[in-house]
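Welcome, and please open your viewer. We will go from stop to stop, selecting a few residues at a time.

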Amino acid sequence: MSSQAILDAHYMARAVELARKGLYSTHPNPRVGCVIVRDGEVVGEGWHVRAGEPHAEVHALRQAGERARGACAYVTLEPCSHHGRTPPCADALVKAGVARVVAAMQDPNPQVAGNGLQRLREAGIEVASGVLEAEARALNPGFLKRMEQGLPFVRAKLAMSLDGRTAMASGESQWITGPAARAAVQRLRARSSVVLTSAESVLFDQARMTVRGEELGLDDALTTLALSRPPLRVLVDGRLRLPLDAPFFQAGPALVVTAAGEDPRYAAAGHELINLPGSEGRVDLPALLRTLAGRGVNEILLEAGAGLVGAFARQGLVDEYQLFVAGTFLGSDARPLLDWPLSKMSEAPRLKITEMRAVGDDWRVTAIPLPPPGV
């Protein structure tokens with residue numbers, strides 16, 4: 001690796017670190033960081049905070065001022081080239097007189113898709129791309145999937161005992177895991193565009209599915225940011241079983257997805273109801289994902305019972321599983337992790353475990369589905 005490549009990776013790593021600061025607040029925009037370097041000195045840094053506010057490059061350029069002229073800008077995503085809520089960042093970099101721009105990756109947004117880098121080249125700026133691309137892509141799985149496939153990224157959260165059970169036969173499930181695991185779940189909620197649950201999941205525990213700031217375990221600034229952009233709470237209730245006086249509805253506006261037709265009571269109570277009937281009187285889940293993507297939803301946290309998570313899993317709609325495993329047994333009468341009847345080993349889906357780590361007294365397992373053999 002050349003000395004220039006080493007320097008590029010070093011400064012891009014800092015840009016990635018800055019981008020992570022927007023983990024809880026940039027929806028529906030991507031998380032982006034920028035570092036401006038001149039003569040071996042960092043003269044400007046910035047990260048995108050919220051949609052509608054200046055992008056990372058603008059913050060970094062403001063900090064750099066005149067020192068940006070002749071400098072190199074490192075940015076985790078190709079600078080935008082179109083007018084959205086804010087002017088194009090590519091134009092801002094040209095106007096500032098930077099001599100070189102290094103992007104971690106090309107923007108998959110069709111409105112950009114290489115146009116930003118091309119605009120920089122046409123202005124005589126040296127351009128490089130692909131530095132720490134894997135790390136940059138990992139920052140924005142939902143934004144990338146929405147732009148590339150027209151679907152949000154679905155992350156299923158499940159808490160289970162060592163014998164693979166999620167609740168007692170009665171439905172009682174509070175609390176399988178300890179405080180550290182619950183704080184990790186709160187952070188998963190906070191980073192998501194949507195928290196998706198089912199009537200089955202909230203009926204027994206009277207759950208609200210909100211983000212609880214006191215449990216996030218973040219510093220005050222990030223907690224304030226996270227609470228300023230709460231995720232949309234979406235309830236899949238095919239037969240409209242959950243009463244409108246349930247704590248879930250009292251916690252704020254929600255989107256209810258059903259297969260039972262229209263019902264004006266929900267709008268009157270401040271909630272939105274959409275009807276997406278599928279087969280056998282159930283909600284059409286692929287249609288739901290397309291609908292949410294159309295609303296700018298990047299990441300979905302699926303927090304539901306065995307029925308709904310099993311339905312998503314059977315249809316190949318889960319991108320990542322977050323499994324929290326507690327050191328306890330719930331017994332053979334307790335509820336299983338997924339409603340997914342399988343009769344042969346050849347039918348058993350395979351997953352790749354990408355990470356295992358202790359969280360307090362529990363374990364957190366991250367796994368992604370693998371394609372069937374031959375696919």
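A residue is called buried here when its relative accessible area is under 20%, exposed when over 50%, and partly exposed in between (1.4 Å probe, protein chains only). You are looking at a predicted model, in which local features need pLDDT of at least 70 and side-chain atom pairs count only at pLDDT 80 or more, while totals for chains, interfaces and linings use all residues. Residues are numbered from 1 along each chain as its sequence is written, and side-chain values use heavy atoms, with hydrogens and water left out.

**Stop one: strand S10**

Select residues 255–258, which make up strand S10. Helices (H or I, at least four residues) and strands (E, at least two) are DSSP runs, numbered from the N terminus. Which residues cover the two faces of S10? Leu255 and Val257 lie on one side, Val256 and Thr258 lie on the other, and all of these are buried.

Strand S9 (residues 232–236) runs parallel to S10 and is joined to it by three bridges. Then show strand S11 (residues 272–275), which pairs with S10 in the parallel sense over four bridges. Here leucine 255 stands opposite glutamate 272 of S11.

**Stop two: salt bridges**

A salt bridge is a side-chain nitrogen of Lys or Arg within 4 Å of a carboxyl oxygen of Asp or Glu. The whole structure holds 20 of them.

Start with glutamate 126 and arginine 100, whose side chains meet at 3.3 Å, N to O. The two are 26 residues apart, with glutamate 126 in strand S5 (residues 126–129) and arginine 100 in strand S4 (residues 100–103). Is each one buried or partly exposed? Glutamate 126 is partly exposed at 48% relative accessibility, whereas arginine 100 is buried at 13%.

Next, select aspartate 319 and lysine 145, with their closest N and O atoms 2.9 Å apart in a salt bridge. Aspartate 319 sits in the loop between helix H13 (306–314) and strand S13 (320–325), and lysine 145 in helix H6 (residues 141–149), 174 residues apart. Lysine 145 is buried, at 12%.

Move on to glutamate 303 and arginine 189, which form a salt bridge at 2.6 Å, N to O. Glutamate 303 is in the loop between strand S12 (299–302) and H13 and arginine 189 is in helix H7 (residues 179–191), so this pair ties together parts 114 residues apart in sequence. Glutamate 303 is buried at 6% relative accessibility, and arginine 189 is buried at 7%.

For the last stop, select Arg31, Arg155, Arg191, Glu299 and Glu320, which are linked in a network of salt bridges.

Definitions and conventions. Two strands pair if DSSP finds at least two bridges between them.
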